[in-house]
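Try each task before reading its solution.

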Amino acid sequence: MALAGLFLLLFLPVHLAINLLLLKSDPEPFNKAAGFMANFPVIKVIEILLFAALLIHISYGFYIQIKNWLARPVGYAIATKSDTSPFSKFMIWTGSSILLFLILHFFNFFFIRLGLVEGNPEDFYSVAHNLFKIPLYNYIYLTCFILLGLHLYHAFSSAFQTLGLNHRIWTPVVKTVALLYSVVLPGGFAFIAITIWLFR
Amino acid sequence: MHFTLKIWRQKNSLARGSFETYNLDDVSPEMSFLEMLDALNKKLVEEDKDPVAFDSDCREGICGSCGMYINGHPHGPVPAITTCHLSMRYFRDSETIWVEPWRAKPFPVIKDLIVDRSALDKIQIAGGFVSVNTGAAPEANSLPVNKEKADEAFDSSICIGCGACVAACKNASAMLFVSAKVSQFALLPQGRVEARQRVRAMIEKMDELGFGNCSNSGACEAECPKQIKLVSIARLKREYYKSY
Amino acid sequence: MAFQIDNLTTMEAFNTKIPDGPLFQKWTKYKSSVRLINPANRKKIEIIVVGTGLSGASAASALGELGYRVKSFCYQDSPRRAHSVAAQGGINAAKNYRNDGDSVFRLFYDMIKGGDFRAREANVYRAAEVSNQVIDHFTALGVPFARDYGGTLDTRSFGGVQVSRTFYSKGQTGQQCLLGAYSSLNRQISRGNVIMYPRREVLDLVLVEGKARGVIARNLITGETERHGAHAVVLATGGYGTIYYLSTLAINSNASAAWKAYKKGAFFANPSFIQIHPTSIPQLNKFQSKLTLMSESLRNDGRIWVPAKKGDKRLANDIPEEERDYYLERRYPAFGNLVPRDVASRAAKERCDAGYGVGDTGLAVYLDFRDAIKARGIKTIQDRYGNLFDMYKTITGINPCEEPMRIYPAGHYTMGGLWVDYELMTNIPGLYAIGEANFSDHGANRLGASSLMQAAGDGYFILPITIGNYLVDEIKELLISTDSKEFADAEKEVIGRLEKLLMIKGKQTASSFHKRLGEIMWNYCGMIRNKKGLEKGLSLVRDLKDEFWKDLNVPGTYKELNMELEKAGRVADYLDFAQLLITDALRRNESCGAHFREEYQTSEGEALRNDEEYAYVAAWEYAGEDKEPVLHREYLKYEEVEPKVRSYK
């Protein structure tokens, strides 16, 4: 769970870096980068690993969550007021929302490349720009990235704890990095979307 | 002081339970929560009604017998104490107080606020010990132990086994409980010898009994009357990974 | 050792089985000559251990390790909750790690002297002897005792002694030792050598042909009674301090099992020897259900005082140094604040009775850390007593680092208990009593930090050896059947009494009777006693008993979880036991240790012992319901130490 999650975390900055190319008025660099990601053999291998991690993360996440629910068949009348991380309580919901978005995302891009959905796999730049012109898509997109931020904030430091990496000095550092990461990364994606939507 | 109490009443483990409402006057702010319940029970018995059943023994916060879920908190709203130390001065006059038993699959309700916590014993029986026979111990000072390590072991060893961590956890996980015992022994050279078998046996037993998993929310740490820290769960995980 | 039999009884003179030879060699000699049982035969022998405190848990695990089949009982939901868990200060051992002149003999001597020469020499010496093994064993079990920077074990000094021999884990030594014993018990449970029966209350002892052969227990969840047979029964049921209602004990601690054994013929020794602990948090409200102890170790650094002026209502910090009366330092310059518990308790009561007490009730004295913090720094003091300070603050809302603590004596430990011989067996063959439940090691007053030591010593290192000497003759009994008439009768009697309690259908709760009994006992048979008061107390207890059996109310039935019924049974036993206790106090016309009779004191108000007439253990025999019990005297002979006036000046 934690390992798969941490692996997924690595993928996000790469995706963000490529997406930043969307801000260029020239579609060429983005499409080239997308093409590179789609065809370079090493990336192919990483892609498979990425899917494996995703699958493990999702299925294991649901499996554990169901077990956790079963661990308390009768709930409390008064919901807990314990002073705890509010993000952790909603991991299953933030995670599920992100999963739904991912499916939508796949319809938009990945399935085009696989030929399952109609579209031009050579020009994702235009596909993206067109999507970002649809207000509803933007609402969904932005909401999902806020949820992703919430998910990441807990996930980042939690993963270290689960791996047993708790340290007097380093744990506070990890928590700070987690905060930065969970703001900067989803913020970056959102920034691109908003810029294209409102200013292009 | 006056209080309206909403207390979970359940005749036995098979019966269906429900909340009953009681009004209690003349509560002194110096009474502990349990003494307040004693006063309620006195009233009920005098009316020939069935008193509210709850566990309690030492009434000084060390035996771990008492424990109820009060207004959304195991052991009530004040951190780092057990229910027997919860003074009524922490409540507002005329407040409505909801009192529920610990809720978890491995903690079935026996009656009213009493739950069966033998699952915690079962985890300890699985491996929470150092296998040394009486008479076989070496001279106590023959094995020096780093003072900081010994103090840290002590900080974990003070768990009273009340089950508040399980009650607080959204997943009804016993991870904090298990980590306290594993940490105590992992930090001492006397416990290292069996560290591998111990951590595996205890974790396997915990899973088998139906406790949930840890998702690092920290509710256990926030509610633990003895302030056992999440750090010990990280140590439990380390010990577990190391055991393979 | 001979017994003088007071009244005419059919009882044969019984012996203490103390081995011959010099004191120093008795235990060694005993161990090397005691009869053994081979491991294959041990597997066929069943032993019942009642109670899972430090002595019960250690005995059950040590017996399990030897291969006996052990059945262990406790009324709590888990063996870990027994009240040994609440012992705070520490555990003594004669390790002499401080090079301060400690030795087994000195520990033995301190215990004998602390007990005011009313304990049995041979037993006490043995307890001191095994103390070192106890520390080794707990350390090996992973008990986190406090350590020094070099990694060796740290010790501290404790009331009543001049050496530093007390091992500790902050203020939670009892918890750590008990959890150590609990872990060794768990190991035997996991190996199948011990079967644990939690939430069971032992309501009667079963004798077959005069031998202890089992118990009748009530399953506290279902309410059903159960018969359990065994080749021997060990009572590790602790003390009876809750007879005062308010005490430092757990609220469910009780004397019922020991009392039932007494009614079946076991002698009860020195019941009136009850230690009043000097440093508990005073009563704060009238609904209070218990008194919380503040460890005696606090007296190492805290100074006890009251205002020098009567009725001084100023805040403690506003009273200047010269207007404070450090009465312990004044009266006992040699030991100062570290005088034994009974002395410190009575001195506090004396000051409060004279009108110098502090707080709203005037029933409290100050325990002040100001000077210690000044001398040693707040960090050192916090390190030593942090958790006790926190506990005090939680309960009272006052921070002891800023304002002195208020303390007052409270009923704490009972030196009296079932009479046992050198082998820890009562006069009933096959019935043993260990830990606080027996009487043997603490005389008339227990030295601080020696209860954990004795409990663990009895359970781990003494009983497992001595019990074999009896069981070796019992191997021929293959299985103890619980179908016999004796078991049936005992069970019938138990059920009969439960029904009787339920049928009274009066008005008052068991707790309210308990509270009233406690008040009578505290007022008339507490820290300071006199003939008139004891007689008054006795008649009040009898009246209360009559009222109890007429006006008690217990709702529900006995075939369910019924906590009122549990309480009622315990209070009913206490109402009988209280009479024995007072009788014992009445018959002991001297002051010794915790037993202080006003009529017998020196001109300076110190206890006046009478060794000529009372250097004996009073072993009481049950003579029937509401009949005067029979006194047997075990005269104490001192071969190695000479009884002296106990002086701490």
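**Exercise 1.** How far apart do the closest C-alpha atoms of chain A and chain C lie?

Solution. The model is predicted: local features need pLDDT of at least 70, side-chain atom pairs count only at pLDDT 80 or more, and totals for chains, interfaces and linings use all residues. Residues are numbered from 1 along each chain as its sequence is written, while chains are lettered from A and ligands numbered from 1 in the order in which they are written. Two residues are in contact if their C-beta atoms, placed from the backbone, lie within 7 Å. The closest C-alpha atoms of chain A and chain C lie 20 Å apart, and no contact joins these two chains.

**Exercise 2.** Of the two pairs of chains in contact, which share the most contacts? Describe the side of chain B that takes part.

Solution. Step one: chains B and C share the most contacts. Step two: 64 residues of chain B and 66 residues of chain C take part. Step three: look at the helices (DSSP runs of H or I, at least four residues, numbered from the N terminus). Several elements of chain B give two or more residues to the side that touches chain C, among them helix H2 (118–127) and helix H5 (175–187). H1(B) gives the most, with seven residues.

**Exercise 3.** Which residues have the most contacts inside the largest nonpolar core?

Solution. A nonpolar core is a set of buried Ala, Val, Leu, Ile, Met, Phe, Trp, Tyr and Cys residues joined through C-beta atoms within 7 Å; buried means that 20 or more other C-beta atoms, placed from the backbone, lie within 10 Å of the residue's own. The largest core has 290 residues, and those with the most contacts inside it are B:Val166, C:Val234, C:Leu235, C:Leu418 and C:Tyr432. Helix H16 (residues 563–587) of chain C gives the most to this core, with 12 residues. Now take B:Val166. Leaving aside its neighbours within four places in sequence, B:Val166 has contacts that include B:Trp102, B:Phe107 and B:Phe211. A second, separate core of 23 residues includes A:Phe145 and A:Tyr181.

Notes
Buried ≥ 20, exposed ≤ 12 C-beta atoms within 10 Å, placed from the backbone.
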